[in-house]
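Please keep the sequence and the model in view while reading.

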Amino acid sequence: MNAIELKQQELDTRYIRMANIWAENSYCIRRKVGALIVKDKMIISDGYNGTPSGFENICEDEQNLTKPYVLHAEANAITKIARSNNSSEGATLYVTASPCIECAKLIIQAGIKRVVYSEKYRLEDGINLLKRANIEVVYLDPIKQNQL
């Protein structure tokens, strides 16, 4: 690994750690997910999974199933960009869990060119769609993160 690749890996590890910390803001019980959108080494948006603005901060129903209107961390970060003067064109998305297919569609449409994630999900359709759209996808193994 050359010096530029090593520096990028160090940055990726730092930002994914920050996304993990941001996930702690989630009120969801079953799973807490955090996301950061970074462009030119600046965090331009953030998000975590939860209910829409103005809703009660309860993500699960009485059967402990996730309510259908809960937003994923990626969707929250991308929609926050839409309400700002920033652009996610060419940015990197750091997310603690691999994106689902619905979030992958949003990522593609938002112009994000790189996705770094640290937790694999049983379905890989979102990852496969991102790769099909020529978006760079990087899996950061949590065990290796702790070794850097």
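Is Glu74 buried or exposed? Glu74 is buried, with a relative accessible area of 3%, where buried means under 20% relative accessible area, exposed over 50% and partly exposed in between, for a 1.4 Å probe and protein chains only. The model is predicted, so local features need pLDDT of at least 70 and side-chain atom pairs count only at pLDDT 80 or more, while totals for chains, interfaces and linings use all residues. Residues are numbered from 1 along each chain as its sequence is written, and side-chain values use heavy atoms, with hydrogens and water left out.

**The annotated residue**

UniProt, in an unreviewed entry, lists Glu74 for "active site"; its positions are given in the numbering used here, feature names are shortened, and annotations may be inferred rather than shown by experiment. Leaving aside residues up to four places away in sequence, Glu74 touches Ala35, Leu93, Val95, Ala97, Ser98, Pro99, Cys100 and Cys103, contact meaning heavy atoms within 4.5 Å.

Glu74 lies in helix α2, residues 73-82; helices (H or I, at least four residues) and strands (E, at least two) are DSSP runs, numbered from the N terminus. Of the 10 residues of α2, 7 are buried, among them Ala73, Asn76 and Ile81, and the elements that cover the buried residues include β1 (34-39), β2 (42-48), β3 (92-95) and α3.

Helix α3 (residues 101-109) packs against α2 at an angle of about 25°, with the axes 9 Å apart; axes are lines fitted to C-alpha atoms, for helices over the stretch in contact, and angles run from 0 to 180 degrees between N-to-C directions. That angle makes α2 roughly parallel to α3, a term for angles under 35 degrees. In this contact Glu74, Ala75 and Ile78 of α2 meet Cys103, Leu106 and Ile107 of α3.

| Residue | Phi | Relative accessibility |
|---|---|---|
| Asp40 | near 55° | 70%, exposed |
| Lys41 | near 60° | 61%, exposed |

How values were computed
Parallel < 35°, antiparallel > 145°, perpendicular 65-115°, else oblique.
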